[in-house]
Amino acid sequence: MFFVKVLLISILSAVSTMFLPWYIPFVICFIIGFILSNRPGNNFIAGFIGVGLFWLIYALFLDIKNQHVLSAKVAQLFSDSLQTSFTGAVLIMITTFLGALLGGLSTMAGAMIVDDGSRKRLRKAVKSGRYTLKMK
């Protein structure tokens, strides 16, 4: 199920970004986390990897398409304003990390809406010994 989520997020993000705004992958992550929810932590990692993979490939595609000119100029702007040395590759890594982080948080938010706290109550009941296994 984990790999299904990662593939769904990556593929739907790639297709929808061609026609819709840049933030649509996060809406897709939220919906997938809501529909295919099993655990919030698992969903965070699936969204993180899915959107991170998509943004990395998409950023590299756009960067190679314009012969690294735009990323080098933007990196130079950041280097000048922060008095440090940035390259286009560092800028792409930062972009990928931020997109992946937002994707993970979006997927986890969708999963946490579905979770009504019953797992926490179940764990508490098992620890205290008040839980009995009901066999049908």
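In helix α5, the residues Gly88, Leu91, Ile92, Thr96, Gly99, Ala100, Gly103, Gly104, Ser106, Thr107, Gly110 and Ala111 are buried, where buried means under 20% relative accessible area, exposed means over 50% and partly exposed lies in between, with a 1.4 Å probe and protein chains only. The model is a predicted one, in which local features need pLDDT of at least 70 and side-chain atom pairs count only at pLDDT 80 or more, while totals for chains, interfaces and linings use all residues. Residues are numbered from 1 along each chain as its sequence is written, and side-chain values use heavy atoms, with hydrogens and water left out. The protein chain holds six helices and zero strands, helices being DSSP runs of H or I with at least four residues and strands being runs of E with at least two, numbered from the N terminus.

**The chain as a whole**

- Read from the N terminus on, the elements of the protein chain follow the order α-α-α-α-α-α.
- The protein chain has 136 residues, and 31% of them count as buried.

**Helix α5**

- Helix α5 is made of 27 residues and reaches 40 Å from its first C-alpha to its last, which is close to the 39 Å expected at 1.5 Å a residue; the expected span of a helix is taken as 1.5 Å times one less than its number of residues.
- Gly104, which has its place in helix α5, is buried with a relative accessible area of 0%.
- The C-alpha atom of Gly104 is separated by 9.5 Å from that of Gly33, although the two residues stand 71 residues apart along the chain.
- Ser106 also has its place in helix α5, and it counts as buried because its relative accessibility is 16%.
- A polar atom of the Ser106 side chain lies 2.8 Å from the backbone oxygen of Leu102, a polar contact being a pair of N or O atoms within 3.5 Å, of which, within protein, one must be able to donate a hydrogen and the other to accept it, with residues adjacent in sequence counted only if both atoms are side-chain atoms.

**Helix α1**

- Helix α1 covers residues 2-17, and its 16 residues should span 22 Å at 1.5 Å a residue, which agrees with the 22 Å between its end C-alpha atoms.
- The buried residues of α1 are Lys5, Val6, Ile9, Ser10, Ser13, Ser16 and Thr17.
- Seen down the axis of α1, these buried residues fall within an arc of 150°, so they line one face of the helix; the arc is that of the directions from the helix axis to the C-beta atoms.
- An α-helix has 3.6 residues a turn, so residues three or four places apart point the same way.
- On the other side of α1, Phe3, Leu7 and Ile11 are exposed.
- Thr17, found in helix α1, counts as buried at 15% relative accessibility, and its side chain reaches the backbone oxygen of Ser13 at 2.5 Å.

**A nonpolar surface patch**

- Trp22, Tyr23, Val27, Phe30, Ile31, Phe34, Ile35, Ile113 and Val114 make a nonpolar surface patch of about 880 Å².
- Patches are made of residues with over 30% relative accessible area and no salt bridge, like charges being joined within 9 Å and nonpolar side chains (Val, Leu, Ile, Met, Phe, Trp, Tyr) within 5 Å.
- Accessible areas come from the Shrake-Rupley method with a 1.4 Å probe, and a salt bridge is a side-chain nitrogen of Lys or Arg within 4 Å of a carboxyl oxygen of Asp or Glu.
- Helices α2 (24-35) and α5 (88-114) each supply at least two residues of this nonpolar patch, and the largest share, five residues, comes from α2.
- Trp22 has its place in the loop between α1 and α2, and at 57% relative accessibility it counts as exposed.

- Ile32 has its place in helix α2 and is buried, with a relative accessible area of 7%.
- Ile32 and Gly47 are 15 residues apart in sequence, and their C-alpha atoms are 8.9 Å apart in space.

**Loop residues with positive phi**

- His68, in the loop between α3 (40-65) and α4 (69-82), has a positive phi of about 65° although it is not a glycine.
- At 43% relative accessibility, His68 counts as partly exposed.
- Gln83, in the loop between α4 and α5, has a phi near 50°, a positive value in a residue other than glycine.
- At 68% relative accessibility, Gln83 counts as exposed.
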